[in-house]
Amino acid sequence: MAELLRRLLRSPQGAIGLALVLLVLVLALAGPALAPHDPEALSPLRRYRPPSADYLLGTDQLGRDILSRLLAGARATVLLALLATALGTLAGAVIGTASAFLGGKVDEAVMRTVDAVMAVPSLLLSLLIVSVLGRGAENAVLAIAIAFTPGMARITRSVALAVRQQDYVNAAIARGEGAGYIVLREMLPNVIAPIVVEMSIRVAFAVMLFATLSFLGLGAQPPASEWGLMVSEARRFMHLSPWMILWPAAAIALVAVGFNLLGDGLRDALNPRT
Amino acid sequence: MSGRYLLRRTGLILYTLLVVSVLVFGITQVLPADAATMLLGENATPEQLAAIRERLGLNDPIWTQYLRWLGGVVTGDFGTSMRTGLPVLPQIAEALSRSLLLAALSIGLMLVLALPLGILAAVRRGRPVDLLVSLASYVGISLPEFVTATLAILVFADWLGWLPPTGYVPLTEDPARSLLHLILPVATISLILVAHVSRMVRSELVDALHTDYVRAARLKGLPERVVLRRHALRNALLPTITIVALDVGYVLGGIIVVEEIFAIPGIGRTLIVAVQNRDLPMIQAGALVMAATYCIANFLADLAYAALDRRIQYG
């Protein structure tokens, strides 16, 4: 683990990505406590303010402090995206491992079906699922998790198949180890690593997808300060104050860049060739 | 490329579309919408509702309804839209033609930008220009389409006033204005693709430049330009075909958002309107057409790959 961290920090992507992701997670967890103002407090006399000493990022159309709203919304945007990715990964990992384990015709049938579901764009699939479940942040999380499942199943399966063929697994079988030992001690640690890499890149995509669903009015609902929703609401007022759009847009991009960098850094760090 | 391969591939596409049809039909059946109420409005009497349910076959078992719908789809009858009362197929076909124009221009612009950027970054690996391209591509893949589109409208339409903010003009009506309206949507969709594909081109070319055959070409004294063109690029660019085809799925998702923001009456906006109005036949047809587009793009990519690379033998 320490070795992995050292390798991760050696590459610029890994170091910057890790720093950004840690910063975002701290802000997401401590956000409400750090907020200088009440994110819901209206001040009709201080609307559309540009950044100032009192309101560091300015105020919105209702005079609410944008910085406080961003900090409060970090929880919705980042933590729910993480949750959606984790759920999708878990479901995908179970399907993928089971398919690889069963093999033969079952594996073929499962994977063809997984490929078929992947022919529907993730945004369209989550759009359809949210329209069945009803709009709302929780349903958007579930929709993203379902939309991510086929992709994660495909990756887990290919990794599990490759690991199963490795010499160290054959050696363990030859040593006469039990099935439980082989799966838990030999296969699982080697399956997890590529999945974690894929997951961290997927989180970036989940943040973007979740914000997009909220932007379309299907995810988080007002008066929540989810970042996609903030951009959507600010669109009507962008002539009056462009700051209202720029800050949440920058926040989404920053989080996505962080997870993308971390994912690439992890991939390089785990790749024994480099 | 054997006949057996083509047959197998066609079979897989049909299976994919079958799975998608079950998925989409299933999802739309769970939708909390009653087709009869949708058609007649809230004020319909119970007798009228019962009569139209009987006529539409809504009382039949679900699999009968599915097979009837699938039978219609196979013969080119996608039913009638619940919102407009018009046949679905002509509306979908018209919307699709607009979206395909948008997608084709976006992919074209992407290729024009992404290939040179990726090649430049790979050739100048580790130099400032490589870092700049990498940095830009990280930002590019991290901006969702709705953010790019909104910022593009803010800068190029509101502040600079160079381009129209939203709207759609048919190509046949006024080609110049039509293209002017398409610039921002096309640029929005391309951005994320350029970021993704240029990174892939860079990493493929970096790998190719470290192979033995490139070393051999250099050692026999060929100029670097010839090594790059004749030896490295030929192999490095082939996987790009597959990557672009896989990205078609992403383009189709992006089109939904971009058409909604720029008010382009294509397949994406049609789908959003259909979802908002719970227009079941329209949702089913739109989703099926999108999945079919993705399958066909990937099939064509595989054929192109095999045609360009004689080492590949699909059996």
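Predicted model: local features only at pLDDT ≥ 70, side-chain atom pairs only at ≥ 80, totals over all residues.
The side of chain B that touches chain A draws at least two residues from each of H1 (3–30), H6 (128–141), H7 (145–159), H8 (175–209), H10 (224–262), H11 (267–277) and H12 (280–308). H1(B) gives the most, with nine residues. By class, this side of chain B comprises 35 nonpolar, five polar and five charged residues.

In terms of contact, 45 residues of chain B meet 41 residues of chain A. The two chains bury about 3,600 Å² between them, 79% of which is given by carbon and sulfur atoms. On the chain B side, B:Tyr138, B:Ser142 and B:Phe146 lose the most area to chain A, and together they account for 17% of what that side buries. One salt bridge is found across this interface; a salt bridge joins the side chains of B:Arg199 and A:Asp264, with an N to O distance of 2.3 Å.

Chain B itself is assigned domain 1 (3–74) and domain 2 (89–308), and the C-alpha centres of these domains lie 33 Å apart. Contact between them involves 18 residues of domain 1 and 14 residues of domain 2. About 1,500 Å² is buried between the domains, 77% of it on carbon and sulfur atoms. B:Arg9, B:Ile13 and B:Thr28 supply 28% of the area that domain 1 buries against domain 2, more than any other three residues. B:Arg9 also forms a salt bridge with B:Asp302, the closest N and O atoms being 2.3 Å apart.

Notes: Residues numbered from 1 in each chain as written. Chains lettered and ligands numbered in written order. Heavy atoms only, no water. Contact = heavy atoms within 4.5 Å. Buried area = accessible area lost by both parts, 1.4 Å probe. Salt bridge = Lys/Arg side-chain N within 4 Å of Asp/Glu carboxyl O. Helix = DSSP H or I, 4+ residues; strand = E, 2+ residues; numbered from the N terminus. Nonpolar A, V, L, I, M, F, W, Y, C, P; charged D, E, K, R; others polar. Domains from an automatic or database assignment.
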